[in-house]
Amino acid sequence: MGHPPSSLDEFRPERASEPRLAVVGNPENRRVALFEDAVRAVGLPAPRVVPWADVLSAGGADFAAEEIVRLDSPGEHPEVDRLLRGATDPTRVEGSGRWYTRFTTAVRSLRGGVRLDDPDELAVLFDKRLCHAVLDAAGVPVPASPTSGPQGAPVRGWDDVRAAMREHRMPRLFVKPAHGSSASGVLAVESGGGGRIRATTSVELAADGGLYNSLRVRRYEREQDIAAIVDALAPDGLHLERWLPKASQGGRAADLRVVVVAGRATHAVVRTSRSPLTNLHLGGRRGDLDAVREAVEAAGARWTDLLGVCEQAAACFPRTLCVGVDLLPAIGWRRAAVGEVNAFGDLLPRLTGLPGSGAEGLDTYAAQVAAVLGDLARYRTGTPHA
């Protein structure tokens, strides 16, 4: 597919050829509002909004053959969360396995329309074990993992994590819910001499053994507490990855979220943290992107090569218009690996496109709208944009 245009005005459609857009999301959510704003900005009517709550309650939804349908995150909605996870408390961590099964079923219950998010690819993107294997097979640099792919080692509890640390010589690793997002349930585990063990996580372990998401990153140093958390999460599926030492900026660990639209890296933000978890909602801060580019070039590498790693990862999902790639730069800034590929990784309000990306002056949502309008004929025939 062609690159997003540099100006929305280039693709203000004539009324006769006006496309019809729809979005499946939570109507009151800012994600939907930002997409609506981007659509209206090009002179089109606001997209038809189909609530996830309705899709889940009715067992599906129908779209006209010519409707161009975008899926957005079902998160941040207590009732939708209850329908997906079966949990009455949205702060609980457990239930991601049930969420995955019900979410992928709901995606496949959508009938008709031209899709900007492929159901089969979403099923891979929301299973870290499957996604890791797809990236690895395509030659995308990723952290080593004993749980990668359908034949990966099962993780039935803490004993299996301990065994993997020994057998694969991974004294430091990340334990991730296979179907989690926003660092929910993620533990950064490190072992030391004398049997010492420590886990850094946003999980709050309650006295009754329940697990709760918290905005405060905490450290557990009693193995029995770490084991209790892992054992509680294991039934939902767990993915293990070697903990790669990351480059730093201002004395803080740094990584990048890079948005790829229609195959091209269009937006990037640096995230820095004093903890292994750089998510902005967990206390991470936005870093200096210009300084990152300078550090990469000073190390003898090319900034375009790092963006190329993200585009290579996105190319594994050619029927999905937009993904957010978490890029882990190695110490020294010469190399990088991909930690995650996120189906709904475009929530970066007010961030405009990278120089030379073709999305200068556009936010992530405007870039997606422009990409669709820029290759409208291809979308109307349902042809993948790869």
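Which residue in the turn of the hairpin formed by β8 and β9 has a positive phi? The residue is Gly194, with a phi of about 70°.

## Basis of the report

This is a predicted model, in which local features need pLDDT of at least 70, side-chain atom pairs count only at pLDDT 80 or more, and totals for chains, interfaces and linings use all residues. Residues are numbered from 1 along each chain as its sequence is written, and side-chain values use heavy atoms, with hydrogens and water left out.

Strands are DSSP runs of E with at least two residues, numbered from the N terminus, and two of them pair if DSSP finds at least two bridges between them. Strand β8 covers residues 187–191 and runs antiparallel to β9, residues 197–205, with five bridges joining them. Glu190 lies opposite Arg198 of β9. Five residues separate β8 from β9 in their hairpin.

Strand β9 also pairs with β10 (residues 211–220), in the antiparallel sense and over six bridges. Ala199 has Tyr220 of β10 as its bridge partner. These two strands form a hairpin with five residues between them, and Gly209 in that turn has a positive phi of about 90°.

## Cysteines

The whole structure contains zero disulfides, a disulfide being a pair of cysteine sulfur atoms within 2.5 Å. Cys310 is buried, at 0% relative accessibility; buried means under 20% relative accessible area, exposed over 50%, and partly exposed in between, with a 1.4 Å probe and protein chains only.

For Cys322, the closest cysteine sulfur is that of Cys310, 12 Å away and too far for a bond. Cys322 is also buried, with a relative accessible area of 5%.

Terms used: Helix = DSSP H or I, 4+ residues; strand = E, 2+ residues; numbered from the N terminus.
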